Amino acid sequence: MVVNYVSTRDTKKQEITASQAILKGLADDGGLFVPTSIPKLDKSLKELSEMTYQEVAYEVLKLFLTDFTEEELKHCINSAYDSKFDTEEIAPLVMADGAYYLELFHGATIAFKDMALSILPHLMITSARKNKIKNDIVILTATSGDTGKAALAGFADVEGTRIVVFYPKNGVSAIQERQMVTQKGDNTHVVGIKGNFDQAQTGVKEMFNDKELAAELDAAGFQFSSANSINIGRLVPQIAYYVYAYVKLLGEEKISDGETINVVVPTGNFGNILAAFYAKNMGLPIEKLICASNENKVLYDFFSTGEYDKNREFILTNSPSMDILISSNLERLIYHIAGNDAEKNSELMEGLRTTGKYEITAEMREKLSSFYGNFATEKETGDAIKKLYEDTGYIIDTHTGVAASVYGKYKAETGDDKATVIASTASPFKFTRAVMGAIDTDYENEEDFVLVDKLSELGKVAVPNAIEEIRTAPVRHDTVVEVSDMCAEVKRFLGI
Ligand SMILES: *Cc1c(COP(=O)(O)O)cnc(C)c1O
């Protein structure tokens, strides 16, 4: 069955292929691409339980990316999920305190963004070839820390691509900055800006929308594309690990065939949990989709009241990748629960743009019954990390700590003790300071790399390569520019 893609805001429902959707990223009308239908898994859970991660990924990708050949998809999958990951399992499950932690942080930058950003470059190059595009693809990204490094690692030395990442010079953690400025690859360029993340993002958006610049680039053999999390080429690979987690539990006889499980996802932009929603709709036996927020609890409020309202204070937390007030990917869910109604969705999104809020109908709310939303305060998150460590010796990062805390609230409220998978989205080594501070406040005055070694000792896990590397790696990028010079810097890098 062919699956095509339509914009969540296009009432005419004009279809494009998966490869075209991957190349475009965002639709011209500002909407997000969604599949024309959600395909069902066509292998039994039993059959899938005998497969490797790569094989399961193929079974999922082939159903969504139907204009790719088997050979193309397998090439993309095998180029992505290889020795860049520090375990052959790619996404291992660790049982601790009655839940299964799905460790999505074994890739190059030790955060779950690697799961999608290690394959996106390959999907993009294949898409470009398919659509007879001769230009080199130039990825432009503004980052507040994690996405930039994961995109750099994914695109580094991928032929036919260049990548430029802008970050706020004084707005990322020391470890995050070191990770980026030491990035290898002749096609990579990392630029600090004298401004904040919003200014970096606005600058990037302006370049994307600049028609004259696009023409100049085209003449020189380049075109822009985006690696941000609304790209369907990032969303689809994320569905695979939920299927993998389920069939792994089945294979190990932790659950029986068809038994339902719950999934807990620490959520920011709503991409990761939307992938779980798609997995459920493919027929994977998931009961509850538990959406965990930090103190920026706009999603919790949305699930409790039916109103999405971003008009509130933005809170900086120790789980910065979830410090988000506009969860972009939620638009896809809104479109689906509106009955794939682009007009209704556009109306709500227009409300969000103009007044910062919108309210869904009672009928739409009914379709959210498989979701449970809650949030964890900074203190609750720290307590969850400390308690899990003290009870089991297992150390989780701050984002996963939010999920663990919310899962505790869910269990206390409902008494539901179904087998549960918690998406573990970052290695604790990526947020060492906050994690160690949660375990013992005495650690607060130690230097970053001292804490790294302490964490390794306490958790009895080796320091990941991604961290070892940056201790001594030479700085390769030291460009810092004014916000107004971002475009000139891109041109300089491309030699135009
Ligand atoms: C990006 C990120 C999240 C949030 O994921 P979304 O798909 O944006 O909901 C959670 N944890 C970590 C560590 C992340 O990097």
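A polar side-chain atom of Ser321 lies 3.4 Å from an oxygen atom of the ligand. The model is predicted, so local features need pLDDT of at least 70 and side-chain atom pairs pLDDT 80 or more, while totals for chains, interfaces and linings use all residues. Residues are numbered from 1 along each chain as its sequence is written, and side-chain values use heavy atoms, without hydrogens and water.

The backbone also takes part. A polar backbone atom of Gly268 sits 2.8 Å from a ligand oxygen. For a polar backbone atom of Asn272, the distance to an oxygen atom of the ligand is 2.9 Å. Taken alone, the ligand exposes 390 Å², and the protein buries 96% of that (Shrake-Rupley areas, 1.4 Å probe).

The shell around the ligand holds 15 residues (a residue is near if one of its heavy atoms lies within 4 Å). Lys113, Gly268, Asn269, Asn272 and Thr425 come nearest. By type, the shell divides into five nonpolar, eight polar and two charged residues. Here Ala, Val, Leu, Ile, Met, Phe, Trp, Tyr, Cys and Pro count as nonpolar, Asp, Glu, Lys and Arg as charged, and the others, Gly among them, as polar.

Now turn to strand β9, residues 261-266. Strands (E, at least two residues) and helices (H or I, at least four) are DSSP runs, numbered from the N terminus. Why is β9 largely enclosed by the rest of the structure? Six of its six residues are buried (under 20% relative accessible area; exposed is over 50%, partly exposed in between; 1.4 Å probe, protein chains only). Both faces are covered. Ile261, Val263 and Val265 are buried on one side, and Asn262, Val264 and Pro266 on the other.

β9 has pairing partners, where pairing needs at least two DSSP bridges between two strands. Strand β10 (residues 286-293) runs parallel to β9 and is joined to it by five bridges. Pro266 stands opposite Ala292 of β10. Strand β14 (residues 420-424) also pairs with β9 in the parallel sense, over three bridges. There, Asn262 faces Thr420.

One more site is His189, in strand β7 (residues 188-193). His189 is buried, at a relative accessible area of 7%. A polar contact of 2.7 Å joins the side chains of His189 and Glu489. Such a contact is a pair of N or O atoms within 3.5 Å; within protein, one must be able to donate a hydrogen and the other to accept it, and residues adjacent in sequence count only if both atoms are side-chain atoms.
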